[in-house]
Amino acid sequence: AKEPIRVLVTGAAGQIAYSLLFSVAKGDVFGPDQPVILHLLDIPPMMGVLEGVVMELMDCAFSLVREIIPTCDEQQAFNDIEAAFLVGAMPRKEGMERKDLLAANVKIFKSQGKALDQFAKKTVKVLVVGNPANTNAFICSKYAPSIPKENFSAMTRLDQNRAQSQIAFRLNVPANNVTNVIIWGNHSSTQFPDASHALVNVNGTIKKVGDCLNDDAYLKGEFITTVQKRGAAVIAARKLSSAMSAAKAACDHMRDWWNGTTEGQFVSMAVYSDGSYNVPADVMYSFPVQIGADRQWKIVQGLEINDFARQKMDLTGQELKQEKEDALSVCQD
Ligand code: NDP
């Protein structure tokens, strides 16, 4: 039998964590034969709520859950962990300036970076969900110099899933039949959902999505804006931000990182940029990646970038550079 692994979820009393913990505990992420010890971090005022989440996890009687550790102490939360879902972040409140939000979150992720550096396994895989996710991941990595930069990522998988699903519905095929949709750049409204390399399996034959849809105006217009504005549309309808779909995406992201991607397919993750495709280096930029059994991601190289894509990729890259500079200036305070 496998030894249990320690998995941290922060913001564990929140909405996304509520769905996420269910899937992790069930074995959807680390495998149906991998026992887990769940480390659940939240802030002191949420400890009562967290107690309720722990009760429900117990009541699910998941056989893979070996121990549950609810805590508001970073040392305990980050100790010996092998995977981390950093979901907890300061939510944007009405009237809050972007700069205030950034400042509050930089503080959280600086502190958690230091805790990772000190207490976590050096092989830990860190997925940042809390917004602004790319920049939070950058700050986290910066304050955890003993852990390879490659072990940090931010989530753009929800955007990818949204994009994939929009196309699948249009083509009337199951969502999984659509592959290789790319999200470039920042998890923000400047992200570039790109279907120009996407493929679709139609009755066993692999075709280009562009050839099947044959609707360039849609792919360069409505498709992109629908994906970019989907989060706001969910909030408007549900009066709460997306949680089930965000949790599913976090699971997809970590599962593919842990187990590797399918041959010939790529997925989007915001990772430490080496300047591939002439986007800014040293920011957490979302790229198409492939992952091997060694849990190392590689940016897919050699994709053709047309002028339309170039402009969109640069725009979101510039935003990330600016966010990083703003975050770094807050760090010095
Ligand atoms: P959610 O669980 O709904 O959201 C948590 C984070 O995920 C937010 O930063 C949010 O960004 C982001 N997010 C939400 N939807 C999406 C999406 N569709 N795609 C990508 N990211 C998304 O928030 P709750 O308020 O329910 O829960 C947050 C919990 O975190 C609370 O329990 C709080 O106490 C805790 N927390 C914990 C901290 C810690 O552990 N140190 C620090 C701060 C808070 P956005 O706001 O932009 O929607």
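1. Helices and strands here are DSSP runs numbered from the N terminus (helices are H or I with at least four residues, strands are E with at least two). The peptide bond that joins asparagine 131 to proline 132 is cis, with omega about -5°.

2. Before going on, a word on what you are looking at. Residues are numbered from 1 along each chain as its sequence is written. The model is predicted, and local features need pLDDT of at least 70, side-chain atom pairs count only at pLDDT 80 or more, while totals for chains, interfaces and linings use all residues.

3. UniProt, in an unreviewed entry, lists residues 6-152 as "domain: Lactate/malate dehydrogenase N-terminal". UniProt positions follow the numbering used here, feature names are shortened, and annotations may be inferred rather than shown by experiment. The span 6-152 is 42% helix and 18% strand, and its end C-alpha atoms lie 17 Å apart.

4. Next, have a look at strands β2 (residues 36-41) and β3 (residues 65-71), which run parallel and are joined by 6 bridges. Strands count as paired if DSSP finds at least two bridges between them. Valine 36 has valine 65 as its bridge partner in β3. Together with helix α2 (residues 47-59), β2 and β3 make a right-handed β-α-β unit. Right-handed means that, with the strands pointing away from the viewer, the path from the first strand over the helix to the second runs clockwise.

5. How do helix α4 (residues 98-119) and helix α12 (residues 307-332) pack? Their angle is about 65° and their axes are 9 Å apart. Axes are lines fitted to C-alpha atoms, for helices over the stretch in contact, with angles from 0 to 180 degrees between N-to-C directions. On the α4 side the contact is made by Lys99, Leu102, Ala103, Val106 and Lys110, and on the α12 side by Asp326, Ala327, Val330 and Cys331. Residues are in contact if their C-beta atoms, placed from the backbone, lie within 7 Å.

6. Over residues 156-328 the chain is 46% helix and 19% strand, with the end C-alpha atoms 22 Å apart.

7. Do also visit the open sheet of 3 strands, ordered β7-β10-β11 with antiparallel pairing. Its edge strands are β7 (178-179) and β11 (205-208), each pairing on one side only. Strand β10 (residues 199-202) is joined to β11 by 4 bridges, and valine 202 has threonine 205 as its bridge partner in β11.

8. Finally, asparagine 180 lies in the loop between β7 and β8 (182-184). Phi of asparagine 180 is near 60°, a positive value in a residue other than glycine.

Notes:
Two residues are in contact if their C-beta atoms, placed from the backbone, lie within 7 Å.
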